[in-house]
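Hi everyone, thanks for making time for this. I'd like to walk you through one protein model, a few residues at a time, so please keep the picture in view while I talk.

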Amino acid sequence: MANIINKGIHAYINVHGSGLIVGEEYTACLYYSPKKEEYRISATSIAEDINGEPTCKFVFTPEQTSQLKNGNVVLEVFDKSLRQMKYDEEFAEVRATSLSM
């Protein structure tokens with residue numbers, strides 16, 4: 001697990017690949033347990049062509065990242081029909097930070 005999300009700091013996540021369709025809207029969810037909605041955050045993005053590859057740029061606000069529980073988080077990406085597109089069980093580690101924004 002190489003990704004780190006600092007609580008209270010913006011998190012920018014780029015997802016790319018042939019499963020995305022340019023111009024379509026996608027939703028990304030980060031959570032540590034599907035049963036704990038209070039620790040789940042989401043963001044939407046419209047896929048665009050970046051360097052010839054469909055890419056979504058998801059932006060999570062400091063307020064959102066503050067809601068995450070410290071430890072491992074799962075990343076799921078869905079299209080509008082809620083068909084699961086990507087799932088990463090060990091996407092990132094969430095940790096506290098000493099920075100205040």
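**A walk through the model**

Let's begin with Y87, which has a relative accessible area of 38% and so counts as partly exposed. Do keep in mind that this is a predicted model. You can find Y87 in strand β8. Setting aside neighbours within four places in sequence, Y87 is in contact with Y31, V74, L75 and E76. And how far is Y87 from E24? In sequence they are 63 residues apart, and in space their C-alpha atoms are 18 Å apart.

Next, strand β3, which covers residues 25-31. Of its 7 residues, 5 are buried, so the strand is mostly covered. Which strands does β3 pair with? One is β4, residues 41-46, which pairs with β3 in the antiparallel sense over 6 bridges. Another is β7, which also runs antiparallel to β3 and is joined to it by 6 bridges. If you want to see this pairing residue by residue, look at E25, which stands opposite I46 in β4, and at Y26, which stands opposite D79 in β7.

That brings us to D79 itself. This residue is found in strand β7, which spans residues 71-79. Is D79 buried or exposed? Its relative accessibility is 13%, so D79 counts as buried. The side chain of D79 makes a polar contact with the side chain of S81, at 2.9 Å. Apart from neighbours within four places in sequence, D79 is in contact with E25, Y26 and M85.

Now, charges. Side chains of opposite charge can pair when their charged atoms come close. How many salt bridges are there in this model? The count comes to 1. The partners are E25 and K80, whose side chains meet at 3.9 Å, N to O. E25 lies in strand β3 and K80 in the loop between β7 and β8, so this pair ties together parts that are 55 residues apart in sequence.

What about disulfides? The structure holds 0 of them.

My last stop is T65, in helix α1, which runs over residues 62-67. With a relative accessibility of 0%, T65 counts as buried. Which residues does T65 touch, once those up to four places away in sequence are left out? They are I5, N6, K7, G8, I9, A11, I41 and F60.

You can trace E25 to I46 in β4, to K80 through the salt bridge, and to D79 through a contact.

How values were computed: Residues numbered from 1 in each chain as written. Predicted model: local features only at pLDDT ≥ 70, side-chain atom pairs only at ≥ 80, totals over all residues. Heavy atoms only, no water. Helix = DSSP H or I, 4+ residues; strand = E, 2+ residues; numbered from the N terminus. Buried < 20%, exposed > 50% of the residue type's maximum accessible area, 1.4 Å probe, protein only. Polar contact = N/O pair within 3.5 Å; in protein donor to acceptor, adjacent residues only side chain to side chain. Contact = heavy atoms within 4.5 Å. Pairing = 2+ DSSP bridges. Salt bridge = Lys/Arg side-chain N within 4 Å of Asp/Glu carboxyl O. Disulfide = S-S within 2.5 Å.
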